[in-house]
Amino acid sequence: MPSRQPFRFCLFLLISFLEPILGIGLAFAQYPALTSDDISLHKGELKNVESICQLPDGRCFFGNQNGIAEWRGNSYILHSLHQLDSTLSREVYYLKVIDSNRIWFSCYPEGWGIFEPDTRKIINLQKKIPNSPRRINSVFKDSQNRIWLGCNNENEKEQAGLYLLDEANKKLTQFQFAPKEQFHLRQNADRINAITQAKDGNLWLSTWAGILQFNPKTGKSRIFESKSPGNPFQLYTSLQWANDSILLVGSWGSGLLQFNIRTFKSTSFLIHKLKKHRGTHNIFLDMCEAKPGLFLIASLDAGILLFDYSKQKLLSMPGIRNDLSVEFKQDFKRCFKTYSGDVLLGTVDQGILRLKSEIFDNRYYFFEPQKEILNVLHSIQFDPPSKTHLALSLYGNSLFLFNSDFSQKQVIQPYPTDAYFNTAFSLGNSNWLIQSTNGWFILNLATRSITQPIAFQNLIQKRKIIRGFIQNQKLILVSNDSAFVLTKDLQTVQRFYAKNLLNQADGNLVFLKERYLISCNKGGELLIADSETHQIIRYKFPYLPGLKNCIELKSGNWLLVNFEAAFLLKNPLKSKPELIQLTTKELQGGSNFQDIYQTPTGTYLISEFGLIRYHEPSNQLQSISFPDGRLYFQTNYIPETNEWAFGNSYSVILRKDDYSKKDQDWFGVVNVLVNQKMASAFNPRQPETLHLKHYENFLDIEFGSFLPDKKASYHYQLEGIDVQRQSDLNNGHAVYSNLNPGKYTFRVWKKDDSSNWIEGMPLSIELSPIWHQQLWFKLLVLLVSSLLIILFIRFRKQERDRKSQLQKARLEADLKALRSQMNPHFIFNSLNSINRYIIKNDPINASDYLSKFARLIRMILDHSNEKTIPLSKEIQFLNYYLELEQVRLNKAFSYEIELSEHVNTDEDQIQPMLLQPFLENAIWHGIMNKVEKNGRLFIKFSKENNVLRVEINDNGIGRAQAARLKPHRNSASVGIQLTKERLLLLDPNANIQINDLHDESGNPSGTCVIVQFQIQSYHD
């Protein structure tokens, strides 16, 4: 052992020995371990962290006296709000993300608003909103999406209180709660630090005068003062829900308050009750839920604290050392749980500390020293029958027993004087054979009883056993000239006669393969005693004194460690074995190896500075730090529980053997630079889709193995860009520029020992398109276009309907005008006919004519405003009209009306006076102009498929001769044109045909008019 190691070891023991004397020993307690892996930034700009927040994309931001620091993987960008807006103060002491990518901020002593980091845009609400407070302490978005602001203005009390923000209208509504009749609450009840909401909708506020309940619906409030012992000052800082009814409240000087919002009862937890923190001030500034039921607390003068809600215990943690050997002990101001489960803690002057999410899966325990003697744990075993852990004390006089969840524990001191315990060997049935400096004894973990193994004592005294050790579940006893291998029944199964080996051994003895006893002598020779041949094999190697352990690997090679280094022995037990020293240059803190363990997840070497995983294919070592970054004297693997046990002078950590599940033989993308900046929220072990903006199109993708291998060959391909696999010619970097928006997948292949190409973990990359290329914009354009088309179609339809209504109204007006023209002319002629009968003294015909004329006029008046009438009434009207015309024209023509069998004159509807213009035209233009007075009209009604066909035949002079006699249009011709248009309005398929009739010689013999249109039923 080098000279510096004993000095270092003794110095650590001395410091550890003084630790309990100074009163910082802890009661036996349970809480998760911490980690040394942090993001501590020792920069002047990042001291005194006032607030922490995180955007949905994973970026973290810290507020301090210089502005807002944006964390970028292993660097940061400082956003100075004062430089962006000179009206804002330089110091940022509050940050909160409640919607999208906007950060609400508040400056000290003046200014608050919203900061958009992507555009570096500031919305200065304090300046934009009239009569707003100078600064705010908290922002909260309730279940109805209302924004509430908590104000704590000490110098301007009229501005303090709760505010409801209407951002759209730039308006604030203030609520104040300080009761005027209580002087001691007058200036403090309106000073608000934090806001939260219960499920019933009530807001709960932490104020300088107690906990305040506020009902937003009624505006009523109620304040609760706690009964914290020894501190009348009720200043509460932070709020955190333990469940629907229990509210955890941090305070300045009053510890942790557990408040029931149903019963209004509270319980206080004070840190000074723990021995380590006597004399502290119980200042708890912030808290977050590390995992369900376990709350982490940032204390200003007591370091990192934990509250276990299920056990109702307030616990403390030791100081944590980071990789830069900076000790984090106290002065924590803020804590924040990220989306990944990690916890970020802000300190007063030592930057940021990150606690990884997996550390909360550890089980971490403390114990008090006995009689002011430091107990350094030597080994930790597990007894399955009694489900009890057994921890031995290498330096001290105690045995520590505890169950799996450490809720039950016991300290046993077998001897009244100091005794150190070296070996614990399981005999089965919860019996353990323990070796101490005062002798051997048997401890039963089920009954906690101690007995003396008399027969065993006689055996070892007879053989003059000088020491014993355990290996591969065997007890090996060593005398001056022999070594004995015993099983659990303490019966000898093997004996080594190796006097020279035992006398010369410099270090531990190793029992390997149930046959060989291995050690090193002071000259550095490797000595191997064969129990079958009783021979000793010697190998001379340099730098091999002080053997700690040796195991056989799957390849048949042996892995050895001494205090300084690790070695690979190839071709052991052959004439020319090869000893290779493994590199330790990259190991944290050096080596100082103690042991080797093979677990289901790999091969691990144990050192004083952590675990070291051995990767046989690459023959390399990789460091794994201890769970909290502190030194541990003993680390051992417990196969019964598949756990690692870490022990030091005052604590125990148990951790599941999951170190290599994610990393063993892992290779893939290890880092991504986007536009020459590290991609945020990228985890190489669990790569999710990397979502990028369209302008983030310059990528530098780094790939490789978890354990570096310079001989490894890689291929890669970016699907969508590379047509085929590319060989790695750039030392594990693939660079792509000017990528178009779209989805890509980056793949990596590695050649294994058999020259086969195996694929690693792929990475999906998605570049969002420009806004006018995105799906939402295309859908919006489609929606707007569809709406415009629908509106255009509706407009055209309405326009057509309007024109149709106008045309219909015009036709009706024209028809009325026609009837107004026809009626006076017809009435005048009819009255003249009546007058002739009177002059001729023919009263009978005059009376008959007058009666028919009156009925016709009555029908015209009755039907003039109706759209349709039954066909029977139309035929009746035609009969009256034709009879009057016959009388007036001295029987110059005859007529006949014929109905087919399908015509229903009562059900079928027709427009009034629809056919009269055709009859009038036939009489006055055809029949009246004949020389012979033998005019004839034939009218036939027929129906087929709801289409009425009206055929009107006359034996007049024809249309050609009538046109020569009267070339000017009359009312009848106009009436026929209007009738055509009227029919087409009601039935677009209506048809009017006018055909000229000729006799056998080809001379005109009359006219035939055919009118066809769809009729309406009475029920329609």
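Trainee: Which residues are exposed on the other side of α5?

Mentor: In this predicted model, helix α5 covers residues 454-462, and its buried residues are Phe456, Gln457 and Ile460. A residue counts as exposed when its relative accessible area is over 50%. On the other side of α5, the residues that are exposed are Ile454, Ala455, Gln461 and Lys462.

Trainee: Why do the buried residues of α5 line one face of the helix?

Mentor: The residues concerned are Phe456, Gln457 and Ile460, and what covers them includes the strands β37 (431-436), β38 (439-444), β41 (474-478) and β42 (482-486). Looking down the axis of α5, one finds that these buried residues line one face because they fall within an arc of 100°.

Trainee: Which residue just after α5 takes a positive phi?

Mentor: Helix α5 spans residues 454-462, and the place to look is just after this helix. There, a positive phi of about 55° is taken by Lys464.

Trainee: Are α9 and α10 roughly parallel or roughly antiparallel to each other?

Mentor: Helix α9 (residues 871-888) packs with helix α10 (residues 916-927) at an angle of about 20°, their axes lying 11 Å apart. Angles under 35 degrees count as roughly parallel, and the two helices, α9 and α10, are therefore roughly parallel.

Trainee: How many residues of the contact of α9 with α10 are nonpolar?

Mentor: From α9, the residues Phe877, Leu878, Tyr881, Leu882, Glu885 and Arg888 meet Gln916, Leu919, Glu920, Ile923 and Trp924 of α10. Among the residues of this contact, three are charged and one is polar, while the number of nonpolar ones is seven.

Key:
Residues numbered from 1 in each chain as written. Predicted model: local features only at pLDDT ≥ 70, side-chain atom pairs only at ≥ 80, totals over all residues. Heavy atoms only, no water. Axes fitted to C-alpha atoms, helices over the stretch in contact; angles between N-to-C directions. Helix = DSSP H or I, 4+ residues; strand = E, 2+ residues; numbered from the N terminus. Parallel < 35°, antiparallel > 145°, perpendicular 65-115°, else oblique. Contact = heavy atoms within 4.5 Å. Nonpolar A, V, L, I, M, F, W, Y, C, P; charged D, E, K, R; others polar. Buried < 20%, exposed > 50% of the residue type's maximum accessible area, 1.4 Å probe, protein only. Arc of directions from axis to C-beta.
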